[in-house]
Amino acid sequence: MNKNFDCINKIISNKVISEKENYALMIGLNPSKGARSPSLWNKFFNQSGINAEMYPADLESEEKLIDLLKILETDNNFIGGAVAAPYKQTVYNFFKQNCDDLSSKASFASNNIFRNNKGILTVANTDAAAAVLSIDNEIKSYPNILLLGMGSTGRAIAAILKDKCELTVWNRSKNDTLEIFLQRNKKIQSIECLPCSLASFDLIINATLVGSNQFSFLDTILIGDELVQTAKKSCLFFDINYDPPFSNHSDLFMKNGNKCLNGIRMNLLQACIAISNCYLNFTPEEIENILAKNLL
C-alpha cells in the first residue's frame, strides 16, 4: 500500500485502502456518499489497462483539505483527480501559481487536479467546457441567456458564455468573489432579483443546487409556476444537476412545453476532459467513447 495512505487516512473521514500503483482522488465534503466521478474514472482505468484507481476523499474542513493537498504535492503516485463542492475555490487558490487554465482564473475555482508537462500539480475547471458541449446539439446560437447561480460552476460557465451571447446572471446574494468577477467581466448584466418575465430568454441555466439531491435542496425551488409560464416555448431549460434526473424546475418547464436537459452528460464530459488532462495521449472524445460503451 502507498506509504502516504496512512497520512491521508488520518485526514479524510472515510478510508483509502489499495494495492494499486497509482491513484486519483475525488475530493469533496462527502463524495463517498454517491459521487459519480470514481465510477467513471475507474471504468476508464479498467478498460484502458491503467494500473490506477480513484477513491473518494471526504473532508470535513478547509484546514484538512490544505493538509491533504500538501501531501499530494509530493506524492508522484498521485496522478490527479476531481474536486467537488465546497472546495473548488480553495483548491484553485492553493495551486493558482501553477495554473494556466482560463476557466479557473475567470471563476477562481477548479474541479480538476493534474500534473503538467513538468510533473508539477496544477488545476483546471472543466465544468464550463462540459456544460457548453452538452447543450451544443440543442442550441446552435446563444442570443439571450439567463444564468441562475454564480458559485464556482456558474462563474466558470459565465466566463465562457459572456462572449457568445447577451448574458444575464442572478445570484442569491452578493459576495466579494462575485463582485470581483463582475468587475472583470463588465459585459455581463447582473440582477439582484429574478425577472418578472422569462419571455426574452432563449436559454435558462440553473447552476445552483436548488432542486438537486445534494445538501437537502431537493424540495426547494427558485422559479415558480407562474414565472415559468412566461417563458416562450422555444426556450431551453438546462439544469446542471442530474440527481434526480428531472427536478421540480424541469417538471414545471416541461409542463409549459419547454425542452429540458439535465447535467448527466455534462458530468460525463467534465470527467472526460479531466481524465484527458491527466492522460494527454487520450482525447476527451476517445475517453467519452470508452465510457459510453461501458456505462451501466
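Q: In this predicted model, how many residues of strand β3 (residues 78-83) are buried?
A: Let's start with strand β3, which spans residues 78-83 and is mostly covered. Counting a residue as buried takes a relative accessible area under 20%. In β3 the number of buried residues is 6 of 6.

Q: Which residue stands opposite Gly80 in β3?
A: Strand β1 (residues 22-28) pairs with β3 in the parallel sense, and 5 bridges make up this pairing. Within it, the residue that faces Gly80 is Ala24.

Q: Which residue in β4 stands opposite Gly81?
A: Strand β3 is also joined to β4 (residues 112-115) by 3 bridges, and these two strands run antiparallel. Opposite Gly81, the residue in β4 is Ile113.

Q: Is Asp202 buried or exposed?
A: Asp202 sits in the loop between β8 (189-191) and β9 (203-206). The cut-off for buried is under 20% relative accessible area. Asp202 has 18% relative accessibility, so this residue counts as buried.

Q: Which side chain makes a polar contact with the side chain of Asp202?
A: Leaving aside residues up to four places away in sequence, Asp202 touches Ile139, Pro143, Asn144, Lys232, Ser234, Cys235 and Leu236. The polar contact between side chains has a distance of 2.9 Å, and the partner of Asp202 in it is Lys232.

Q: Why is the pair of Phe45 and Tyr279 edge-to-face?
A: On to the rings: the structure holds 10 aromatic pairs. In the pair of Phe45 and Tyr279, the ring centres are 6.1 Å apart. Planes over 60 degrees apart count as edge-to-face. The planes of these two rings meet at 70°, and therefore the pair is edge-to-face.

Q: How many residues apart are Phe45 and Tyr279?
A: Phe45 belongs to helix α2 (residues 37-48), while Tyr279 lies in the loop between α11 (264-278) and α12 (284-292). Their pair links distant parts of the chain, with a separation in residues of 234.

Q: What is the angle between the planes of Phe237 and Phe253?
A: These two residues form a stacked aromatic pair, 4.4 Å centre to centre. Phe237 is in strand β10 (residues 236-239) and Phe253 in helix α10 (residues 248-255), 16 residues apart. Both Phe237 and Phe253 are buried. The angle between their planes is 10°.

Terms used. Residues numbered from 1 in each chain as written. Predicted model: local features only at pLDDT ≥ 70, side-chain atom pairs only at ≥ 80, totals over all residues. Heavy atoms only, no water. Buried < 20%, exposed > 50% of the residue type's maximum accessible area, 1.4 Å probe, protein only. Helix = DSSP H or I, 4+ residues; strand = E, 2+ residues; numbered from the N terminus. Pairing = 2+ DSSP bridges. Polar contact = N/O pair within 3.5 Å; in protein donor to acceptor, adjacent residues only side chain to side chain. Contact = heavy atoms within 4.5 Å. Phe/Tyr/Trp six-rings, centres within 6.5 Å; stacked < 30°, edge-to-face > 60°.
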